[in-house]
Amino acid sequence: MDIILFKLTLFLYITATAGFLLFIIKQNKWLGLWSQRVLFGGFLIHSLYLVLCYYKLGAIPALDIKASLSFYAWAIIAAYIIFHIKFKITVLGSFIVPFTAFLMIISSTIPISAVKVVPMFKGFWFPVHVVTAFLGDAIFAVACMAGIMYLIQERQIKSKRPGPFFARLPSLNILDSLNYHAITYGFFLLTIGMITGSILAQGSHGSYWLWDPKEVWSLITWLCYAALLHQRMAVGWRGRRSAIMSIGCFLVLIFTFVGVNFLMEGYHSFESIRGQKLP
Amino acid sequence: MIKIVDIGMNHNTAPVELRELLNFSDDNLAVAIEAIMGIRGIKESIVLSTCNRIEIIFTTDNEKDAQESVIDFLSKHSGVQRDKLLSAMYIKTGSEAIRHIFRVSSSLDSMIVGEPQILGQVKEAYRDAVKHRAPSVVLNRLVHRCFYLAKKIRTETGISESAVSISFAAVELARKIFGDLHGKRAMLIGAGEMAELAATYLLNNSLGEILIANRTLSRAVELAEHLHGKPISLEEINDQLLGVDIVITSTASTDPVITYENVKKVMKGRKNRSLFFIDIGVPRNVDPNVNKIENIFVYDIDDLKGIVEQNIENRRGEAAKAERIVDEEVLKFSQWIKTLDIVPTIVSLQDKCEIIWRNELKKTLSNLGDQPHDKVEYLENMARSITKKILNDPILFLKRKQDRKSRDTYLDFVRQLFSLDPDNGGESGRRSKSLHHRGTEDTE
């Protein structure tokens, strides 16, 4: 049952991707509306799938790389839907949805692995830690896409030869504001994710901070975004620089999310979760 | 057989001097409609008269004579000789006329393709004609198809999307930088005509406040009054750069009014908020290097002209798409008009009834089970003769209307009553509603 739901989600996300790509080419409102609906349908089925996994596993389904990617994709779509309610930028979907479909495709190619659920995963703080950290990361993905869109639009206007993107992308002001809001909310959630993470570490390992590579890199990511927010608020960075930096920060985040787990040893790595090599 | 005819001239076929002579102003438009409706053989008509074109649209059973009479009337009205008039006019009939009218109202035949005024002018012409009860079944439907088609083309193609005037291109750029212009502030440096026009466009897009600096203060004050702005002196420009979002320059100064160093300094104080320079001055008033500063956008007159040219080019491409939509609609309309004749209507009426009785007979027979051949034949004959008797009077009625002026009205009525055009079923209700809706749109 859950495999069917996963495949259906994947199918709907890919369909929505095609729809959103066609939408940005054709600029047909109808296409945008329907891509949105397909995406929303996919999101609901994805949610159902995650609930089902939660009941089967007894813990939040983000314990291995396969589940993490799928959960991250879900969180990004959730963030997109929330931001769409406020900003109503449908064309954002043309940037976000292909990325999530890509994550889902990778997730689908990874074989299912057995994970051992230890009591910690069933506690109160673990789901809070995972959900806030993932949602924060997802909102940073939105900020990054807004940054990319900003840079494209800025190039269009600066070049004095506005090309096909000029009419399709929203104004610089709106993109900058989207970028700013996303970074603020993302930062807030990431901060909560890190605090709950250290509460968890205290509970299970007896210390708030263990210098685990994931922790270190999360701190680096957090500092990057903190610097960006500071520059925005205090120094008055906006527009182009803020856009570039939010893309840079997101690359660091991606490394923290994926790279650390593969390249470095630590209790956050999926291998150790599977084998439970706890320090 | 009823035919649509369009006799007209436009900006391509006739010079403005000739168009002026033929132009029907408000007063003599009524006279023209009355005169055309008085011509023998003309059943319905609409007169469209704008500064770029004159179109006399009418339906007739007698194409040749009606055409001659209309041209005679135009010649008399304008005082231009027939031959001269004919050389500057086009006469389109049948599906060519339909296509032409569709293209005109969709702004494909306009001087600037995609300009939105023409549809309003067509609506106006139609309303005037309706006052004189000049249009009827055919032209009513034609005009409603025009409205539908123009809307479809506007939404499905990009023919009226991009700006094709310099002022409008500047406004479009401003909107892509600032989004909503509400509450944004602009500064005019130099009070030339072009700058004034651009400022007016900006104000129409709910710009917040406008400051005007000019070498002669009296002109600044005068323009400020006109635009509800605030006059400032030239010395204040640099200070004001801190607080404005859009700057329009159009001075005759040979040295740049806005320099790189000036703006660079100001940007710190602005906390890097975007600033948009529209430089209409020749030679340029804003140092081109200013564009290199982050979050600053400088467009000079040539840049804006470049955009306009590119947009006009894009519109031409979109127009090709629109032509295909028109082709489709012309085909549909020509087919409909062909059915608007006695014989095809009678045939489709008979066909429809035959389909009904055959279906009912089939149902009955399947309920009765196997029946001998002759009994089936009896039933068939009965069904056939009932239908024939029922249809007898309506058919005779239609035939009697063959040569009456009201023929088309009755034909249309019969076709609707028996819903003989399944595509267009219930269309009339929708049509009148949409017309009403559009009517209110216009007054806004």
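First, the ground rules. Because the model is predicted, local features need pLDDT of at least 70 and side-chain atom pairs count only at pLDDT 80 or more, while totals for chains, interfaces and linings use all residues. Residues are numbered from 1 along each chain as its sequence is written, chains are lettered from A and ligands numbered from 1 in the order in which they are written, and side-chain values use heavy atoms, with hydrogens and water left out.

I will start with chain A. Its secondary structure consists of 11 helices and zero strands; by helix I mean a DSSP run of H or I with at least four residues, by strand a DSSP run of E with at least two, both numbered from the N terminus. Written along the sequence, the pattern is α-α-α-α-α-α-α-α-α-α-α. The radius of gyration of chain A is 19 Å, close to the 19 Å that the globule rule gives for 279 residues, so chain A is as compact as a globular protein of that length. That radius is taken over C-alpha atoms, and the rule is 2.2 Å times the number of residues to the power 0.38. Along the principal axes, the C-alpha atoms of chain A fill a box of roughly 60 × 50 × 30 Å.

How many of the 279 residues of chain A count as buried? The figure is 54%, where buried means under 20% relative accessible area, exposed means over 50%, and partly exposed lies in between, with a 1.4 Å probe and protein chains only. Of the contacts in chain A with a separation of 6 or more, 77% are between residues 24 or more positions apart; a contact is heavy atoms within 4.5 Å.

Now the surface of chain A. The accessible area is about 12,600 Å², and 74% of that belongs to carbon and sulfur atoms. Areas come from the Shrake-Rupley method with a 1.4 Å probe, and for residues only the protein chains shown count as cover. Chain A has 22 positive and 9 negative charges, with mean positions 15 Å apart. Lys and Arg count as positive, Asp and Glu as negative, and His and the chain ends are not counted. Each charge is placed at NZ of Lys, CZ of Arg, CG of Asp or CD of Glu.

On to chain B. Here there are 17 helices and 10 strands. Chain B has a radius of gyration of 31 Å, whereas a compact globule of 444 residues would be near 22 Å. Its C-alpha trace spans about 105 × 65 × 30 Å along the principal axes. Buried residues make up 49% of the 444, and 74% of the contacts in chain B with a separation of 6 or more are between residues 24 or more positions apart. Chain B exposes about 22,500 Å², with 52% supplied by carbon and sulfur atoms. Its 62 positive and 65 negative charges have mean positions 5 Å apart.

Strand β3, residues 53-60, has eight of its eight residues buried, so β3 is largely enclosed by the rest of the structure. One side carries B:Arg53, B:Glu55, B:Ile57 and B:Thr59, the other B:Ile54, B:Ile56, B:Phe58 and B:Thr60.

Which strands pair with β3(B)? Strand β1, residues 3-10, runs antiparallel to β3(B) and is joined to it by eight bridges; pairing requires at least two bridges found by DSSP. Within that pair, B:Asp6 is the bridge partner of B:Ile57. Strand β2, residues 42-49, is also antiparallel to β3(B), with seven bridges, and B:Ser45 is partnered with B:Phe58. The link from β2(B) to β3(B) is a hairpin through three residues.

Last, some loop residues in chain B. B:Asp109 sits in the loop between α5 (94-105) and α6 and is buried at 10% relative accessibility. Setting aside residues up to four places away in sequence, B:Asp109 touches B:Asn10, B:His11, B:Arg53, B:His100, B:Arg103 and B:Val104.

B:Arg133 lies in the loop between α6 (117-131) and α7 (137-156). Its phi is positive, near 50 degrees, in a residue other than glycine, and at 73% relative accessibility B:Arg133 is exposed. B:Ser206 is not a glycine either, and has a positive phi of about 55 degrees. B:Ser206 is in the loop between α9 (193-204) and β6 (209-213) and is partly exposed at 33%.

Finally, B:Val282 and B:Pro283 are joined by a cis peptide bond, with omega about -5 degrees. B:Pro283 belongs to the loop between β9 (275-279) and β10 (296-300).
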